[in-house]
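This report goes through one protein chain, from its overall make-up to a few local details. Please keep the sequence and the model open while reading.

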Amino acid sequence: MTVITSYATHDVRFPTNLTGDGSDAMNFDCDYSAATITIYTDSNLLTGHGMTFTIGRGNNIVCEAIKAVAERIIGKKLEDLFADMGNTWDYLVGDPQLRWIGPEKGVIHLATAAVDNAIWDLFAKSRGKPLWKLIADMSPEEFVRSTTFRYISDVITPEEALQMLREKESGKAEREELVRQIGYPAYITSAGWLRYDDAKVARLTKEAIASGFTHFKMKVGADFETDLRRAKLIRSIIDDPASFPPSYKPSSPGSLANKNAGPTGCVLMMDANQVWDVKEAIEWTQGLAEAKPWFIEEPTAPDDILGHAAIRKALKPLNIGVATGEHAHNRMTFKQLLQAEAIDVCQIDACRLAGVSEVLSVLLMASKYKIPICPHAGGVGLCEHALHLSLIDYIVVSGTMERNVLEVRKLYVEVFTYVLNLDAVC
């Protein structure tokens, strides 16, 4: 039986600060980075790769935390880990001394994400399948065993999850076939980074249209007049029929429901990256309402559940939603966001939550509350992660991708062996 023998971590950084890529109101000068782990086994043919995402300084600290978590799996038999991935995840977060520096949040949780993702990579490779297909082919019972219900059983129990998954079981094959044919809908952020000048924003928006995108996200929160000007600029392009080829057809009405789509069927989203207090978030977004965004993302501190709920309530008459999750520490944060009716869009992050196992629990809760999954995936490596999670949500959990969109970017794709195919975008 194959056994884990060793691991190696890598501190990988990209100089995005030089060009303003990834810039926003809170993170003005970031260098996209990945803290990665490679898990080695006594089989030369099987290694597992996992990562978590940071924006530069501190990436080395996460690498050290990854080592601390990874020590717990040295000598473990792979099939013992794979047999109950939920129990494996509980074991990863169960060291009492490491737990003290969380618990289940911060650097130690980012590190756990990398290790858990690497174990899932081993699992998928051992079965000769990509991650999404590995989980899509699971029975409801296997899926439930692969996640964790600790601290969320007041919202969803394993028995309730089983019932939800069994109800979707009969349509899995048809959904898989459909998404293989048409792809998964996506949106682009790369046209709207904060430090881009107007000319670059306009050029990249037009290029995105030419690539087939109809959903666009811009960064806001540094200067109101600049935000409004840039929003009007993007709207002037995406709402103009002349910007599109004669063959262009808008998305289906159902996919555009409650998104403030313009006359061409295009959708604008805004992201404040936590820069505002609650009252400021409400007033600033109300001022941008004429640009008709679908949602305001991360309008305030990610831990402020009731603040998000207050913002959502205030913006609802304007048909502007609230999205968050990029910095939601764990499944309990998502549980409370859903319970408080604080979000319209659930933005899981493959590397902020502690890996695939914890993500699965959030997919189940979001499906129960009928909140669409639109993952945060703007960073290096995150898009490739998030596609798997979106496919799992569609095929196995929620059964819908009608209003869902996956965030994509085109930064440093040359460093990946397998990159997203953007032939089928929304």
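## Overall make-up

The chain's secondary structure comes to 16 helices and 10 strands. Helices (H or I, at least four residues) and strands (E, at least two) are DSSP runs, numbered from the N terminus. The model is predicted: local features need pLDDT of at least 70, side-chain atom pairs count only at pLDDT 80 or more, and totals for chains, interfaces and linings use all residues. Residues are numbered from 1 along each chain as its sequence is written, and side-chain values use heavy atoms, with hydrogens and water left out.

Taken along the principal axes, the C-alpha atoms fill a box of roughly 60 × 45 × 40 Å.

An open sheet is formed by 3 strands in the order E1-E2-E3, with antiparallel pairing. Strand E1 (4-13) and strand E3 (47-54) are at the edges with a single partner strand each, so one side of each has no neighbour in the sheet. On average, neighbouring strands of this sheet are turned by 15° against each other, direction ignored. Axes here are lines fitted to C-alpha atoms, for helices over the stretch in contact (heavy atoms within 4.5 Å), and angles run from 0 to 180 degrees between N-to-C directions.

Two strands pair if DSSP finds at least two bridges between them; E1 and strand E2 (residues 33-41) have 9 bridges, in the antiparallel sense. Thr9 has Ile37 in E2 as its bridge partner. Helix H5 (residues 106-126) lies across E2 and E3, and runs at about 150° to E3.

## The cavity

The structure holds 1 cavity of 30 Å³ or more, and the largest cavity has a volume of about 100 Å³. A cavity is a set of points on a 1 Å grid over the protein atoms alone where a 1.4 Å probe fits but cannot get out; lining residues have an atom within 4 Å of a point. Grid points are joined across faces, edges and corners, and the volume is the space filled by probe spheres set on the points.

Among the residues lining the largest cavity are Val69, Leu92, Asp95, Arg99 and His109. Helix H4 (96-100) and H5 each supply at least two lining residues, and H5 gives the most, with 3. The lining divides into 5 nonpolar, 2 polar and 3 charged residues. Ala, Val, Leu, Ile, Met, Phe, Trp, Tyr, Cys and Pro count as nonpolar, Asp, Glu, Lys and Arg as charged, and the others, Gly among them, as polar.

## Backbone details

Pro103 is in the loop between H4 and H5, and the peptide bond from Gly102 to Pro103 is cis, with omega near -15°.

Definitions and conventions:
On a 1 Å grid over the protein atoms alone, a cavity is a set of points where a 1.4 Å probe fits but cannot get out, and a pocket is an open set with protein on both sides within 12 Å along at least five of seven lines; lining residues have an atom within 4 Å of a point.
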